[in-house]
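Please consult the sequence and structure shown here.

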Amino acid sequence: MTDLVFPKPPKRNRKQETLSRKRELAAFRHQVLAADGHKCVAIKIGCKCKGRLVAHHIDFRSHCGGNDIKNGATLCELAAHYHVHNGIKIGGVLYSGREYMLMILRSHKDDKGFRWQAVMEILERRYGDGD
């Protein structure tokens with residue numbers, strides 16, 4: 001009986017992969033901020049908009065959310081983005097980060113344009129009926 005010999009996989013160029021990922025995220029950020037007019041989308045629900053703007057992934061990348069513009073929303077870093085990840089207390093009621101993001105997205109439900117319709121489809125697919 002002979003021993004099986006498997007060829008070694010090709011070496012990965014981690015530096016190139018990191019650079020490629022950074023370029024992809026920069027393009028995602030640019031597209032999302034431009035689509036939202038360089039304004040925090042949480043302003044519709046009373047965000048005071050503090051800090052620089054970030055492109056937030058609606059479906060987290062860790063949950064297989066991609067870098068497609070339909071999966072992004074512009075949030076201010078020190079208020080809305082923080083609360084999307086950590087929760088928020090509004091009127092004595094504590095909302096989880098997910099609930100807060102749903103509130104933000106629902107505030108745009110009647111907005112016209114391809115992007116918000118696509119975002120609502122992601123919301124419905126991910127969390128149910130979206131209402």
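**Basis of the description**

Helices (H or I, at least four residues) and strands (E, at least two) are DSSP runs, numbered from the N terminus. The model is predicted: local features need pLDDT of at least 70, side-chain atom pairs count only at pLDDT 80 or more, and totals for chains, interfaces and linings use all residues. Residues are numbered from 1 along each chain as its sequence is written, and side-chain values use heavy atoms, with hydrogens and water left out.

**Lining of the largest pocket**

A pocket is an open set of points on a 1 Å grid over the protein atoms alone, where a 1.4 Å probe fits, with protein on both sides within 12 Å along at least five of seven lines; lining residues have an atom within 4 Å of a point. In the largest pocket, 13 residues form the lining, and Val54, Ala55, His56, His57 and Arg61 lie nearest its centre. At least two lining residues come from each of α1 (14–35), β1 (53–57) and α2 (77–86); β1 gives the largest share, four residues.

**Histidine 38**

Histidine 38, in the loop between α1 and β1, has a positive phi of about 55° although it is not a glycine.

**Salt bridges**

There are two salt bridges (a side-chain nitrogen of Lys or Arg within 4 Å of a carboxyl oxygen of Asp or Glu). One joins arginine 52 and glutamate 77 at 3.3 Å, N to O. Arginine 52 lies in the loop between α1 and β1 and glutamate 77 in helix α2, so this pair ties together parts 25 residues apart in sequence. Aspartate 68 and lysine 70 also form a salt bridge, with their closest N and O atoms 3.6 Å apart.
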